[in-house]
Amino acid sequence: MSVEFVRADIPWISITILLPLIAAAILMFLNERFAKPVSILVSGIVFVISSYMLLAYDSSSYKIQFYEKYEWIPWLGVSYEVGVDALSLTLYWLTALSFLVAFIWSTNIEKRVKEYFVAFLVLEAGSLGVFVAWDLVFFYIFWEAILIPMFLIIGVWGYAERIYAATKFFIYTFFGSLFLLIGVIGLYVANYFQNGELSTSYFSLVNTQLPFTIEAIFFLLLALGFAIKVPMWPFHTWLPDAHVQAPTAGSVILAAVLLKMGTYGFVRFSLPWFPEASKYFVPVMFVLGVIAIIYTAMMAIAQTHIKRLIAYSSVSHMGFVTIGTFALNDFGVNGAIITMISHGLTSAALFLAAGFIYERTHTYEMRKLGGMAKFVPVFATLFMISAMASVGLPGLSGFVGEFLSLLGTFKVSILTATLAGLSLVVGAAYTLWLYRKTMFEEELIDEEKLHKWKQLKDMSTSEFLSFLPLVIFMFVIGIYPAWWINLIQKTTEAILFKIRLLGG
Amino acid sequence: MEYLWVIPFSPLIAFIIIGLFGYKLLREPLSGVIAVIGVAISAVFSVYGFYEVSKTGGYYDLKLFTWMPLGNYEISVSILWDPLSALMTCVVTVVSTFIFIFATGYMKGDPSYPRFFAYLSLFVFMMLMLTLADNLVQLFFGWEGVGLASYLLIGFWHYKKSASVAALEAFVVNRVGDWLFLLGVLLTFVTFGTLDYLDIFNKIPEAGFWTMTAIALLLFGGAVGKSAQIPLHIWLPNAMEGPTPVSALIHAATMVAAGVYMVARIMPVFASSEIALDTVLYVGTMSAFIAATMGLVQNDIKRIIAYSTLSQLGYMFAAEGLGLFKDGMFHLASHAVFKALLFLAAGSVLVALHHLLDVQKMGQLRKYMPITAITFLIGALALAGIPPFSGFFSKDPIIEAAYEINWVIWVFLWSGAGLTAFYIFRLYFLAFENGDRLDPHLKAHVHESPPNMTIPLIVLAAGALILGFFRDFFMNFLRPSLDPSQMKFLSEETRIIVENGLERSHHVHIPDVLHFVIHSLTSPLGLLALFMALGGIFVAYLMYQRRVIDPVWVGNTFKPIYLLFYNRWYFDHIYYAIFAYGYYKLSRFMWKAGDKFVIDGVVNGSGKVSMSFGDFMRLAQTGRISAYLAQMAVGILVFLSLFLFLS
């Protein structure tokens with residue numbers, strides 16, 4: 001199929017990528033007290049622009065919109081090419097939102113304040129870039145560029161074992177990226193041999209027709225890179241370590257944005273580029289997805305560290321994205337995309353909740369907590385809403401994605417959907433367990449703590465303001481999912497176009 | 001009929017108002033007043049709607065907005081108003097109104113008073129979304145929503161460990177049922193391409209028998225969870241940790257009956273599979289009997305009534321399994337009234353006795369609380385099925401009809417009726433009559449409850465007294481929704497399937513109340529049922545009032561049976577060992593063995609290996625450009641040859 005492009009009148013996308021970088025550069029020379037306001041301002045502008053794009057996006061047919069293209073290295077076919085379809089746009093918007101939330105939250109940073117915000121601003125630019133880049137060189141640059149600020153955020157502002165976690169995160173994902181790189185280069189070469197065109201553009205590479213064996217190899221190379229990022233079982237062990245050590249805002253970005261890059265990769269590249277291989281590997285992906293959902297849900301309930309529990313729950317939720325994607329039908333892919341957004345909101349909110357608890361009690365150990373609900377009612381309410389969205393209560397965002405993913409999967413494999421559906425039970429178990437152990441059972445805590453809890457301050461304004469948008473959008477998606485589904489429907493059809501042609 | 005949208009949204013608005021301003025502005029008692037107003041408005045509108053629909057017997061499908069598009073089908077938020085949903089909605093809103101009023105007294109002085117009424121209003125909204133749905137997904141929305149409200153309200157006093165454990169248990173056990181229900185929804189959609197009830201009904205002939213059976217059984221799985229039938233019943237008795245109005249409203253009158261309502265709502269689906277109907281029948285009968293045996297020996301006043309709820313829900317399911325959907329729904333309505341009454345009366349006792357739950361420590365309360373005692377007695381008589389109270393009219397036909405199909409089922413339902421009469425009168429005699437066992441300190445303060453608590457009791461008691469006389473009215477009223485010959489929206493083919501499915505038992509057709517009573521008092525089956533109930537009461541009287549038979553002696557003589565009942569057939573023990581403790585320990589073990597040892601072992605191990613491999617590879621890093629170029633050339637060659645060979 002030929003793709004239509006709608007060029008941007010104003011280069012909004014480039015502006016949103018450059019703005020954080022410029023701000024980061026300027027901040028280096030300013031006093032550190034400017035760091036936070038400038039960061040909030042910049043990410044606020046980016047969020048407003050991305051929201052405008054979300055509303056202005058024309059979802060009636062499949063077009064790449066807000067499109068910009070500038071040649072860079074013509075003899076290699078590399079150009080700067082950005083634009084959005086609905087998949088890119090929703091994740092781009094989620095990224096903008098998550099960074100705004102993270103910046104508003106980041107109040108009590110004590111060491112290297114300036115560098116902290118600079119690292120986050122660079123990370124924001126890179127993350128936005130990953131979702132909008134259509135040139136693979138730029139995609140890869142953005143993809144790798146985010147590793148460095150994230151490595152620093154965990155390694156510098158993290159907790160006691162931060163160096164181990166940061167290194168594990170870096171090496172593991174970098175290792176995956178190399179396979180991704182090899183796969184992309186291979187496709188680039190193959191495309192040249194076949195079509196005589198040297199181009200790193202997505203729209204050129206998508207035209208390559210590969211023999212099945214080669215396609216399968218390339219699929220696996222890319223899949224390894226993406227699977228580590230998602231992360232899919234059994235490549236997931238870097239994630240709990242990274243989350244446990246990362247500062248709150250770092251965890252928010254890691255869960256809400258970075259994990260989405262892996263699943264984005266599957267939907268964006270694996271499906272349209274390797275339709276036959278995607279189909280061939282469906283059983284493998286289903287098995288891995290189901291293991292992720294059930295096995296990591298069991299891991300989650302075995303934890304006593306709040307953040308480790310939430311980290312495992314992320315892996316479990318990403319399992320839904322995996323099975324939804326590889327259901328290879330409209331429902332499944334729609335479900336996968338909406339689960340990505342919803343998981344971005346809920347996991348961000350849950351990590352904020354963990355941060356809230358830690359800042360007041362200086363522990364993440366569930367065994368040392370409990371009975372807080374009465375003393376911090378506003379927080380308890382928002383935390384409860386987020387927990388419910390996370391367990392997929394209808395009316396909140398989590399349900400929409402899970403329902404569609406399951407529906408898509410059910411059409412292909414009843415067994416997979418049945419097993420994945422068990423997350424209704426096991427997911428509820430660990431999430432409510434977390435809530436109970438932190439918020440309920442006041443009668444079990446000792447006098448000394450009770451005294452301490454009575455002094456607890458409920459949410460501060462900045463905490464409330466960063467929590468609120470997440471909760472609002474959980475409701476927005478949950479109450480009126482029709483708008484979101486209509487937004488992404490044509491994109492989903494375009495992504496599945498080649499798979500449809502295969503028939504069967 | 002556009003005004004119908006007010007019914008669900010009035011409690012929602014109350015919820016939002018109380019949720020936002022409850023603590024800051026409204027506090028006590030204004031929060032309660034707003035909640036009462038919210039639900040009373042929907043009660044008024046639903047009664048009016050009930051009246052209108054009783055004239056026409058039609059159905060109105062009001063689509064409010066598209067919730068989720070699914071290909072060619074759109075899930076909408078809607079209001080389906082027909083006799084069945086009208087009856088259920090009226091039961092919910094009217095009973096809720098009186099329970100809300102009662103609660104303004106019961107919750108007096110509780111520091112979380114606004115929160116309580118916010119949750120209650122949320123519950124009513126969700127329950128109405130459930131009853132008014134015209135499709136399975138909206139039903140599921142309400143279904144899960146009432147689950148949330150139930151969770152929040154069971155754990156209302158969450159400072160107590162027991163309450164927070166019970167809340168979690170209720171949610172998770174319900175989720176087991178919801179899992180099956182959701183799979184049923186998915187299978188329905190994949191089979192029919194629609195989730196609207198009426199479209200599903202008319203497409204039934206397209207689906208095969210086994211598909212229909214699978215759909216019905218999966219959806220029934222949800223009902224087993226929500227209506228606390230065996231084997232997913234364990235959460236309900238523990239749910240009594242919630243405040244008593246919650247037990248009355250959610251865990252007796254309305255939410256737990258949602259499963260019964262759901263089965264009736266999609267009656268043609270169940271009627272198209274004999275296996276499904278049989279399953280409903282067996283599960284219902286088993287629950288009716290086993291739960292009654294558990295109720296015999298409990299000492300916690302609320303738990304006794306809770307086991308009775310399990311058992312009565314079993315009767316409703318048994319009725320549906322017998323094909324008597326109208327009887328099942330009528331029993332639901334009559335049970336809602338008398339069970340709410342029993343719980344509220346128990347709540348009135350609890351307030352007077354400062355939350356003393358053990359019936360063995362009560363006694364002679366009738367002297368101090370005459371209104372509570374008499375209304376409780378009326379509720380007990382209704383539950384036991386003594387004429388002319390409502391239970392007699394709603395329960396006896398179910399037992400009688402069972403005889404036609406299967407006498408084993410009849411034996412269980414019939415003896416269950418005796419057990420029912422026994423346990424509720426055991427409770428009555430122990431609490432309100434018999435010896436003086438009250439703690440003297442308590443006795444000094446025992447008093448009758450204030451009017452905002454006793455008036456709801458009186459109203460509900462009046463309901464339990466007169467509702468039975470309207471049996472024929474309700475039966476006829478429900479016809480357009482549940483009688484295939486009068487369900488206008490059914491296609492001819494579906495109608496035949498449904499009629500065949502319901503053939504299994506003949507409705508005991510009795511034209512009016514007088515004949516009903518005469519029939520019961522003259523036919524052998526009717527007399528047997530009546531004697532069973534009276535016998536149960538009489539034995540309770542001998543054992544607990546006159547003390548002619550010593551209960552302790554009975555317990556010792558039949559020790560194994562007593563222990564089996566007392567330990568609730570060991571369901572809780574076994575489930576706890578496997579699904580709570582076992583699951584947790586297994587998870588811990590897998591985390592240590594799987595994630596920590598194997599996976600991380602490989603990851604970190606390969607890290608170490610590559611470190612030493614890196615030391616080795618450093619030898620290749622000669623620093624000479626020509627060497628690097630050579631390496632690159634080799635790499636490209638390998639790549640290309642791979643590509644060329646494989647293509």
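Me: What is the make-up, by class, of the lining of the second largest pocket?

Reply: In this predicted model, the lining of the second largest pocket has 25 nonpolar, two polar and eight charged residues. The volume of the second largest pocket is about 1300 Å³. Of the 35 residues that line the pocket, the closest to its centre are Val172(B), Tyr575(B), Tyr576(B), Phe579(B) and Ala580(B). Val, Tyr, Phe and Ala all count as nonpolar, so each of these five residues belongs to that class.

Me: Which elements of chain A and chain B each supply at least two residues of the lining of the second largest pocket?

Reply: They are helix H13 (282-301) and H19 of chain A, together with H5 and H27 of chain B. Of these, H5(B) provides the largest share of the lining, 10 residues.

Me: How do you know that residues of chain B are in contact with residues of chain A?

Reply: The cut-off for contact is a distance within 4.5 Å between heavy atoms, and 55 residues of chain B are in contact with 71 residues of chain A. The two chains bury about 5600 Å² between them, and 77% of this area is on carbon and sulfur atoms.

Me: Why is the pair of Lys168(A) and Asp600(B) called a salt bridge?

Reply: The closest N and O atoms of Lys168(A) and Asp600(B) are 2.8 Å apart. A salt bridge needs a side-chain nitrogen of Lys or Arg within 4 Å of a carboxyl oxygen of Asp or Glu, and therefore this Lys and Asp pair qualifies. The rule finds one salt bridge across the interface of chain B and chain A, while the count of residue pairs in polar contact between the two chains is 20, with both residues at pLDDT 80 or more.

Me: What elements give two or more residues to the side of chain B that touches chain A?

Reply: Those elements are strand E1 (60-70), helix H4 (136-154), helix H5 (161-192), helix H27 (571-617) and helix H28 (625-646) of chain B. H5(B) brings the largest share of that side, 18 residues. When the residues of this side of chain B are divided by class, 38 are nonpolar, nine polar and eight charged.

Me: What makes up the lining of the second largest cavity?

Reply: Among the residues that line the second largest cavity are His317(A), Thr339(A), Ser342(A), His343(A) and Glu402(A). About 50 Å³ of space lies in this cavity. H15(A) gives the most to its lining, with four residues. By class, the lining divides into one nonpolar, seven polar and one charged. Glu counts as charged, so Glu402(A) is that one charged residue.

Me: What makes Phe66(A) stand out in its phi?

Reply: Most residues other than glycine have a negative phi, and most peptide bonds are trans. Phi of Phe66(A), by contrast, is near 55°, which is a positive value in a residue other than glycine. Phe66(A) is found in strand E2 (residues 63-73) of chain A.

Me: Where are Val230(A) and Pro231(A) joined by a cis peptide bond, and what is its omega?

Reply: Val230(A) and Pro231(A) are joined by a cis peptide bond with omega of about -15°, and Pro231(A) has its place in the loop between helix H9 (212-229) and helix H10 (238-245) of chain A. The peptide bond from Trp233(A) to Pro234(A) is also cis, with omega near 0°, and Pro234(A) lies in the loop between H9 and H10 of chain A.

Notes
Residues are numbered from 1 along each chain as its sequence is written. Chains are lettered from A and ligands numbered from 1 in the order in which they are written. This is a predicted model: local features need pLDDT of at least 70, side-chain atom pairs count only at pLDDT 80 or more; totals for chains, interfaces and linings use all residues. Side-chain values use heavy atoms; hydrogens and water are left out. Buried area is the accessible area (1.4 Å probe) that two parts lose on being put together, summed over both. A polar contact is a pair of N or O atoms within 3.5 Å; within protein, one must be able to donate a hydrogen and the other to accept it, and residues adjacent in sequence count only if both atoms are side-chain atoms. On a 1 Å grid over the protein atoms alone, a cavity is a set of points where a 1.4 Å probe fits but cannot get out, and a pocket is an open set with protein on both sides within 12 Å along at least five of seven lines; lining residues have an atom within 4 Å of a point. Grid points are joined across faces, edges and corners, and a volume is the space filled by probe spheres set on the points.
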